[in-house]
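Subject: Structure handover

Dear colleague,

I am passing on the structure below, followed by notes on what was found in it. Please read the notes with the coordinates open.

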Amino acid sequence: MKKVTLLIIGLLLITASNAQEVPTQFSDKALNDTFISTEGDKLKFKEILAKHQGNKILIDVWASWCKDCIVGMPKLRMLQEKFPEVSYVFLSLDKNKESWKKALDKYKLKGDHYYMKSGWKGKFGNFLQLNWIPRYLLIGEKGEILWFNAIEADDPNLIKALQ
């Protein structure tokens, strides 16, 4: 019994030491990563945030080849109907800009759209510790991160933070 208790305590300590703190602010590297607008303009992420300052911003990191992203779109559209005052920003991890633009025409998602030029392993992707998409983040009116990691648009914690 004593060995089992010590083993459980050891596992809890290892788990706690491996747990990463959830950020409430973006790193300078993430803020300075470059994205491409639908018009072909290069913008830093901080410029995208500044465009929506004063509003909550729901960020959807997605790609047209991602089945879970496509299947989740109806849930995202329901969020847009329920929370129309929120700014919606879509960051695409498509393999190329042509695939991304075709998907924009096909899915007609309302919001601002940007291509993640640096991809999964760029400064922004590394900050997010991207390992799955879709990935939803919620940013507050002052640029603070309210919710860092949701993989479903109907995540109860994300919805609570939107209210």
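Aspartate 112 is buried, at a relative accessible area of 18%. This is a predicted model, and in it the side chain of aspartate 112 forms a salt bridge with that of lysine 51, with 2.9 Å from N to O. The two lie 61 residues apart and link distant parts of the chain, aspartate 112 sitting in strand β5 and lysine 51 in helix α3 (residues 45-51).

Lysine 75 pairs with glutamate 152 at 2.7 Å (N to O). That pair spans 77 residues, from helix α5 to the loop between β7 (145-150) and α8 (156-162). Aspartate 154 also bridges to lysine 75, at 3.7 Å; aspartate 154 is in the loop between β7 and α8, 79 residues away from lysine 75. Through shared partners, Lys75, Glu152 and Asp154 form one network. Each of these three residues is partly exposed: lysine 75 has a relative accessible area of 27%, glutamate 152 stands at 36%, and aspartate 154 at 38%.

On the overall fold: the protein has eight helices and seven strands. It has 163 residues, and 44% of them count as buried. Of the contacts with a separation of 6 or more, 62% are between residues 24 or more positions apart.

The largest nonpolar core contains 51 residues, and Phe26, Phe45, Val61 and Leu91 touch the most other members. Strand β3 gives the largest share of this core, five residues. Beyond its neighbours within four places in sequence, phenylalanine 45 contacts residues including Phe26, Phe35, Ile59, Leu91 and Phe124.

Helix α6 (residues 97-107) has Trp100, Ala103, Leu104 and Tyr107 buried. These four are on the same side of α6 because they cover an arc of only 105 degrees around the axis. Glu98, Lys102, Asp105 and Lys106 are exposed on the other side of α6. The cover over the buried residues of α6 includes β1 (34-37), β3 (57-62), α4 (67-71), α5 (73-82), β4 (87-92) and β5 (112-115). At the start of α6, a side-chain oxygen of asparagine 96 comes within 3.2 Å of the backbone nitrogen of glutamate 98. After α6 comes lysine 108, with a positive phi near 50 degrees.

Regards

Notes
Residues are numbered from 1 along each chain as its sequence is written. This is a predicted model: local features need pLDDT of at least 70, side-chain atom pairs count only at pLDDT 80 or more; totals for chains, interfaces and linings use all residues. Side-chain values use heavy atoms; hydrogens and water are left out. Buried means under 20% relative accessible area, exposed over 50%, partly exposed in between (1.4 Å probe, protein chains only). Contact means heavy atoms within 4.5 Å. The arc is that of the directions from the helix axis to the C-beta atoms. A polar contact is a pair of N or O atoms within 3.5 Å; within protein, one must be able to donate a hydrogen and the other to accept it, and residues adjacent in sequence count only if both atoms are side-chain atoms. A nonpolar core is a set of buried Ala, Val, Leu, Ile, Met, Phe, Trp, Tyr and Cys residues joined through side-chain atoms within 4.5 Å. A salt bridge is a side-chain nitrogen of Lys or Arg within 4 Å of a carboxyl oxygen of Asp or Glu.
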